[in-house]
Amino acid sequence: YFLSIHANAGGGFGIEAFTTPGKTKSDELCESFLVNLKNDFSGTQTIRTDMTDGDHDKEERFQVLTGTSCPSILIECGFMDNQKDYEKLWDKSYLEKLVDSIYKTIVELYNK
C-alpha cells in the first residue's frame, strides 16, 4: 500500500485520513491507522472522521490517492493554519507520539 503523510490547511483542526470514494482495500488499512491514532491521542487531539459509509476515513479523489495502482491512504497530521495544531506540529513530544502510532500500525499490518 501507499501511505502519504501531510499537514493540512483550510480552516480545520485535528488529524484526519482519506481514501478514495467507495469501499476499497484502502478502507480497512486506513481504519487500522485511525483506530490507533484515536486510542493513542485520546483526549489530547481531535481525530476527524466521517462514518457515513461505516468506517472512519474521509473520502476524496485526491491525485495522491487515485494516481496509484495499490491501496492508498493519506493522513493529515494537523492543520498548519490553526494556531493550536501549528504549535503541535512543532512539538517534539507530539511528533514522537504521532510517529509511534503510525509505526505501530505499520508493524501490525505487516504482521497480519
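1. Helices (H or I, at least four residues) and strands (E, at least two) are taken here as DSSP runs, numbered from the N terminus. On that basis the chain has four helices and five strands. Read from the N terminus, their order is β-β-α-β-β-α-β-α-α. The radius of gyration of the chain is 13 Å, close to the 13 Å that the globule rule gives for 112 residues, so the chain is as compact as a globular protein of that length. The radius of gyration is taken over C-alpha atoms, and the globule rule is 2.2 Å times the number of residues to the power 0.38.

2. Some remarks on the basis of the values follow. This is a predicted model, in which local features need pLDDT of at least 70 and side-chain atom pairs count only at pLDDT 80 or more, while totals for chains, interfaces and linings use all residues. Residues are numbered from 1 along each chain as its sequence is written, and side-chain values use heavy atoms, with hydrogens and water left out.

3. Along the principal axes, the C-alpha atoms of the chain fill a box of roughly 35 × 30 × 25 Å. The accessible surface of the chain comes to about 6,500 Å², and 55% of this belongs to carbon and sulfur atoms. Accessible areas come from the Shrake-Rupley method with a 1.4 Å probe; for residues, only the protein chains shown count as cover. Buried residues account for 39% of the 112 residues, where buried means under 20% relative accessible area, exposed over 50%, and partly exposed in between (1.4 Å probe, protein chains only).

4. Contacts and charges may be noted together. Contact means heavy atoms within 4.5 Å. Of the contacts between residues at least 6 apart in sequence, 78% join residues at least 24 apart. The chain carries 12 positive and 19 negative side chains, and the centres of the two sets lie 2 Å apart. Lys and Arg count as positive and Asp and Glu as negative, with His and the chain ends not counted; the place of a charge is NZ of Lys, CZ of Arg, CG of Asp or CD of Glu.

5. Strand S5 (residues 72-79) has eight of its eight residues buried, so S5 is largely enclosed by the rest of the structure. Two strands pair if DSSP finds at least two bridges between them. S5 pairs with S1 in the parallel sense over six bridges, and with S2 in the antiparallel sense over three bridges.

6. Strand S2 (residues 15-19) also has five of its five residues buried, so S2 is largely enclosed by the rest of the structure. Ile15, Ala17 and Thr19 point one way from S2, while Glu16 and Phe18 point the other way. Alanine 17 has isoleucine 75 as its bridge partner in S5. S2 also pairs in the parallel sense with strand S3 (residues 47-48), over two bridges; there, glutamate 16 has arginine 48 in S3 as its bridge partner.

7. Histidine 6, in strand S1 (residues 2-8), is partly exposed at 32% relative accessibility. Histidine 6 stands opposite glutamate 76 in S5. Beyond its neighbours within four places in sequence, histidine 6 is in contact with Leu74, Ile75, Glu76 and Cys77. The C-alpha atoms of histidine 6 and isoleucine 75 are 6.1 Å apart, although the two residues are 69 apart in sequence.

8. Leucine 3 is likewise found in S1 and is partly exposed, with a relative accessible area of 22%. Leaving aside neighbours within four places in sequence, leucine 3 is in contact with Phe33, Ile73, Ile75, Ile102 and Ile106. Leucine 3 and proline 71, 68 residues apart along the chain, have C-alpha atoms separated by 8.7 Å.

9. Glycine 78, in S5, is buried, with a relative accessible area of 0%.

10. Glutamate 108 lies in helix H4 (residues 92-111) and counts as partly exposed, at 37% relative accessibility. The C-alpha atoms of glutamate 108 and serine 93, 15 residues apart along the chain, are separated by 22 Å.
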